[in-house]
Every structure is written in C-alpha cells, then in structure tokens.
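Please view the sequence and the model alongside the text.

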Amino acid sequence: MSLQMITVSNNTALIQPGFSLMNFDGQVFFFGQKGWPKRSCPTGVFHFDVKHNHLKLKPAVFSKDSCYLPPLRYPATCIFRGSLESEKHQYIIHGGKTPNNELSDKIYVMSVVGKNNKKVTFCCTEKDLVGDVPEARYGHSIDVVYSRGRSIGVLFGGRSYMPSAQRITEKWNSVADCLPHVFLVDFEFGCSTSYILPELQDGLSFHVSIARNDTIYILGGHSLANNIRPANLYSIKVDLPLGSPAVNCTVLPGGISVSSAILTQTNSDEFVIVGGYQLENQKRMVCNIVSFVDNKIEIREMETPDWTPDIKHSKIWFGSNMGNGNVFLGIPGDNKQASSEAFYFYMLKCAEDDVNEDQKTLTNSQTSTEDPGDSTPFEDSEEFCFSAEANSFDGDDEFDTYNEDDEEDESETGYWITCCATCDVDINTWVPFYSTELNKPAMIYCSHGDGHWVHAQCMDLAERTLIHLSEGSNKYYCNEHVKIARALQTPKRDLPLKKPPLKSLHKKGSGKIFTPAKKSFLRRLFD
C-alpha cells in the first residue's frame with residue numbers, strides 16, 4: 001500500500017463529505033458536489049482527472065434525452081451489468097441528500113453513450129418504482145446479485161427523517177434508522193418488494209456491503225437508535241427462480257466493528273476495507289483484507305499504510321472508491337492559518353501497479369463517509385439547468401476549466417442564512433410557518449444596495465403581504481434598511497392642478513370676469 005498527497009487546482013470547494021465516484025473503463029467521474037450545479041457545469045458531474053498526483057475536475061456533459069441528476073450526497077451506488085459476463089456496465093444511484101437538505105427516494109441509472117478524446121457524454125434516466133417503494137434515505141447500500149441467469153438489486157439500511165407526526169420544532173430535521181427491511185428491486189420492470197428477515201433486528205447505516213454472485217455480505221455499520229457499531233457479519237442470499245424470489249439471511253462469525261469505511265477491490269477474490277470509525281469521532285486506522293475462498297468469507301487485518309501526522313491527528317476523514325484498488329481520502333485543513341485549504345486530499349493505492357484496469361468489479365458499498373452533522377449549511381443556487389446539449393463544452397478552454405468564482409459563498413447565500421441580527425431560522429429547528437412553504441423557508445429580496453435575501457418570517461410579514469410582494473415587482477426593504485431606503489428616496493413632486501380654461505368677458509370699468517354661461521345670459525339681456 002502506498003499513500004500519496006494529491007494537489008487540487010482551483011475547485012476544492014466542490015469536494016465535500018458525501019461525494020461519490022464512478023469508474024467507467026478506468027476513467028473516474030465525480031458527482032455529489034456541495035451546492036447546486038452552476039453555469040460552468042450545469043450537469044454537476046466532473047471527470048476526476050488525476051495525473052502526476054495533481055487533480056483536475058473537468059465538466060462532463062449529458063445527452064439530450066437525459067433527465068436531471070441533482071447533486072446527491074450520501075447516496076447508495078452500485079455497478080449494474082446485464083450479466084456476469086458482460087463488460088459494459090451502468091451505475092445505479094439511489095437516495096441521498098440534496099443541497100436543500102431534502103432526502104431523495106428516486107433511482108437513477110447512469111451510462112456512457114459517447115466518448116472521444118476530449119469528453120465523455122452520459123445518459124441519465126430515472127426509474128419509477130411500484131410495489132413496496134423504499135422511503136427516501138441516505139447512508140444505505142444497494143447491490144446487484146445474479147442467480148439463474150437473472151439479476152436483481154438488493155437495498156438495505158440507511159437513515160431517514162422522522163415521520164411527519166413525530167417531527168416537532170426542536171427535532172424537525174432529526175433522522176432515525178430505517179426499518180431493517182431488505183428490498184429487492186427489479187431494474188427492468190421497476191418492481192420493488194420488501195422482506196422482513198428475523199436475523200436483522202436493527203437498522204444500520206454507513207455499513208459495508210459486498211456482492212458475490214447471488215449473495216450480499218453486510219458488515220459493520222452504525223445503529224443510531226442504540227449508538228453502537230456492532231461487529232456483525234450477515235450473509236443475505238437471493239435465489240431467483242421463475243416464480244417468487246427466495247431471500248435467506250445467515251449470521252456469520254468474524255465481523256468487525258466499523259462504520260463509514262471505504263471498500264475497494266484489488267482482484268476478483270479480494271477486497272480492502274479502508275478508513276471508517278470505531279467510535280464517535282475516533283477513526284479506525286486499521287485496514288482489513290476481505291478474501292473469498294471456496295465461497296467462504298475471511299476478514300483479517302493487513303499492514304497499514306504510513307499515515308501522515310495530519311491524517312493521524314484529524315478527527316474526521318472521508319472519501320470514496322476510485323476503482324482498481326485506489327481510494328481517494330480527504331481530511332480537514334488547518335483552520336488556524338488563514339491561508340490553509342479547507343481540505344487536504346490523498347490517494348491510497350491498495351493494489352500493485354500491474355493490476356488489470358478492466359477487472360470486473362461486482363461490488364460497491366454506499367457512499368463511504370460518516371455524516372458530519374445535519375447542521376451543515378447548504379446552498380440553493382438561483383440557477384437550475386435540467387439538461388445540457390452534448391456540444392455545450394466543445395471548446396477546449398471552456399471544457400477543461402472550472403471557474404471556482406462561479407460558486408457563491410455558502411455562508412452568505414441560500415435558505416439557511418442569518419438574514420438579520422434577530423434571525424432565528426435554523427436548519428435543525430425550522431418548521432413551515434406560512435401555508436405556502438413546503439420544504440424551505442420563504443424569502444423576500446431586499447433592494448437596498450446590491451440587494452440581499454431575508455427570511456419573510458424574520459421580517460414579520462403577514463402571509464397576504466408575502467404573497468403580494470412575491471407576485472408583484474415592487475421594491476421591498478427589510479426592517480434594517482427600510483429607514484435608510486426612505487431617507488434616500490426623492491420626495492414626489494406635486495403636479496399642478498389642471499383647471500379648465502376660462503374665457504372672460506371684461507366689461508369696461510367693471511373689473512369683473514364673466515364665465516361663458518353668464519356672458520351668454522348678458523348678451524340676451526342687453527339685446
């Protein structure tokens with residue numbers, strides 16, 4: 001094993017805990033960025049180009065018939081092949097968190113539809129499910145098993161928001177373990193079936209899953225209800241006859257206590273478990289080899305890499321599997337120095353350099369990183385692009401360059417901000433206040449200066465006023481700037497009153513002015 005530090009050009013702000021990596025024929029692609037995609041890369045998917053220990057993110061494009069893929073963090077991903085012998089594969093993506101801190105229950109299928117020397121074109125499709133549809137979640141796993149010439153997906157574990165009836169102001173965004181149900185998902189017909197296995201008593205998240213032919217192995221994980229990381233090892237075997245599937249679970253000895261570990265495959269019968277946590281905020285520095293001999297699983301410790309002092313002393317770390325026995329790791333930077341990076345990155349090579357890059361990887365665990373906390377501020381961009389033309393980035397300079405300046409400062413933008421001195425809208429405690437609010441607090445734009453967003457609730461706006469201001473184009477000034485704005489306004493000029501013209505009849509020496517009616521009356525009188 002070898003550990004190398006990776007330097008990143010100018011796009012480190014995108015790489016945050018919860019991202020995912022996909023490997024297509026030796027090329028690695030990144031998705032799950034911090035915040036919504038921007039103009040510089042509307043798809044939010046990047047080519048993860050690492051050369052000479054230097055990382056460069058290059059925007060990837062989607063085909064015209066692709067659906068929109070939001071930047072999901074902590075989703076479940078896996079590789080799907082039509083058969084065990086097939087070389088072409090797709091990636092299945094389920095669940096995860098959006099930048100608005102909402103949970104997804106959708107299934108996306110990512111495939112390569114075009115490739116040349118400059119770029120790769122993806123096609124992303126959304127799969128609709130019927131039957132026992134898994135609830136929205138994150139930190140779970142999805143894998144594909146093959147039995148009797150057929151294939152099916154197996155989904156397990158994860159965390160979800162508490163039921164609506166139990167969500168109160170203080171615990172509005174609190175999460176709980178999902179029920180320990182096993183879901184079989186038919187990707188071809190979109191059918192999902194739930195199974196209750198007596199061996200699985202507790203919900204687990206951030207566990208490691210390994211798929212081998214018709215069997216899924218589940219080890220480690222974190223039980224949020226009990227706050228434990230049980231050293232369990234489960235074997236879930238799926239039989240796919242012509243009729244209904246048969247699902248059986250067996251508890252095996254030799255498990256390990258770990259959560260948020262990263263799994264990478266070094267050869268057809270051997271895997272390496274890297275990183276993770278053994279206790280809260282206590283990293284697990286030991287690496288394990290998982291080997292299969294005669295369909296029996298064996299887990300043993302291996303020689304650890306030469307961890308740097310920064311890695312040893314950091315409280316958290318995160319990363320993802322790059323494929324081909326490589327793992328991408330990140331740790332927080334030194335906040336004591338103003339010029340320090342937010343994160344430092346490393347690449348751990350667990351396999352020899354002569355490993356066949358076209359090896360058939362049949363496994364993938366869920367996004368391998370512990371959730372650092374639900375209080376992280378998330379960004380909501382003003383721009384959304386649901387599709388991109390295949391030739392949107394034909395220019396070399398535009399395609400190869402990602403402009404970090406296009407990203408906004410998340411501490412000052414988005415729905416989860418401090419909009420005024422008395423702002424009390426918090427991502428952990430926010431509850432709908434107006435009937436028009438669904439998943440995020442209502443905001444109104446203050447026109448003072450360059451303008452800024454404020455929460456309607458913090459400004460004590462009545463709902464009728466909020467709707468009126470939202471529908472109209474009138475300028476609005478928040479409580480802090482309304483007096484300043486009034487002082488800057490020019491007083492309106494009073495227009496002179498319009499009076500009808502008067503044609504006067506002036507009698508000599510009288511000094512009187514007569515109206516046309518009186519003038520006509522006098523003419524008749526004197527005549």
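Tyrosine 217 is buried, with a relative accessible area of 7%. Here buried means under 20% relative accessible area, exposed means over 50%, and partly exposed lies in between, with a 1.4 Å probe and protein chains only. Phenylalanine 292 is likewise buried, and its relative accessible area is 7%. The structure is a predicted model, in which local features need pLDDT of at least 70 and side-chain atom pairs count only at pLDDT 80 or more, while totals for chains, interfaces and linings use all residues. Residues are numbered from 1 along each chain as its sequence is written, and side-chain values use heavy atoms, with hydrogens and water left out.

The structure holds 24 aromatic pairs. Rings of Phe, Tyr and Trp (its six-membered ring) pair if their centres lie within 6.5 Å; planes under 30 degrees apart count as stacked, over 60 as edge-to-face and the rest as tilted. Tyrosine 217 and phenylalanine 292 form a tilted pair, with 5.2 Å centre to centre and 55° between the planes. This pair links distant parts of the chain, 75 residues apart: tyrosine 217 belongs to strand S19 (residues 215-219) and phenylalanine 292 to strand S26 (residues 287-293). Strands are DSSP runs of E with at least two residues, helices are runs of H or I with at least four, and both are numbered from the N terminus.

Phenylalanine 292 also pairs with phenylalanine 271, in an edge-to-face arrangement with 5.9 Å centre to centre and 85° between the planes. Phenylalanine 271 lies in strand S23 (residues 270-274), 21 residues from phenylalanine 292 in strand S26. Both phenylalanine 271 and phenylalanine 292 are buried.

## Charges over rings and a ring cluster

Arginine 212 lies over the face of phenylalanine 292, at 4.6 Å from the ring centre. A charge sits over a ring if NZ of Lys or CZ of Arg is within 6 Å of the ring centre and within 35 degrees of the ring normal. Elsewhere, the charged end of lysine 283 is placed over the ring of tryptophan 317, 5.5 Å from its centre.

Ring pairs also join Phe19, Phe30, Phe46, Phe48, Phe318, Phe328, Phe343 and Phe345 into a cluster.

Strand S16 (residues 181-186) has 6 of its 6 residues buried, so it is largely enclosed by the rest of the structure. In a regular strand the side chains alternate between the two faces of the sheet. Both faces of S16 are covered: His181, Phe183 and Val185 are buried on one side, and Val182, Leu184 and Asp186 are buried on the other.

Two strands pair if DSSP finds at least two bridges between them. S16 pairs with strand S13 (residues 150-156) in the antiparallel sense over 4 bridges, and glycine 153 has valine 185 as its bridge partner in S16. S16 is also joined to strand S17 (residues 191-196) by 6 bridges, and these two strands run antiparallel. Within S17, serine 192 is the bridge partner of valine 185, while tyrosine 195 stands opposite valine 182. The hairpin of S16 and S17 has 4 residues between the strands, and glycine 190 there takes a positive phi near 75°.

S7 runs antiparallel to strand S8 (residues 89-94), to which 6 bridges join it. Cysteine 78 stands opposite isoleucine 92 in S8.

## The largest nonpolar core

A nonpolar core is a set of buried Ala, Val, Leu, Ile, Met, Phe, Trp, Tyr and Cys residues joined through side-chain atoms within 4.5 Å. The largest one has 23 residues, of which Cys419, Val454, Cys458, Met459, Leu461 and Tyr476 touch the most other members. Strand S31 (443-446) and helix H3 (463-471) each supply at least two residues of this core, and S31 gives the most, with 3 residues.

Leaving aside residues up to four places away in sequence, cysteine 458 touches Cys419, Cys420, Cys423, Asp424, Val425 and Asn479. Contact means heavy atoms within 4.5 Å.

## The chain as a whole

The secondary structure of the protein chain comes to 5 helices and 34 strands. Of its 527 residues, 51% count as buried.
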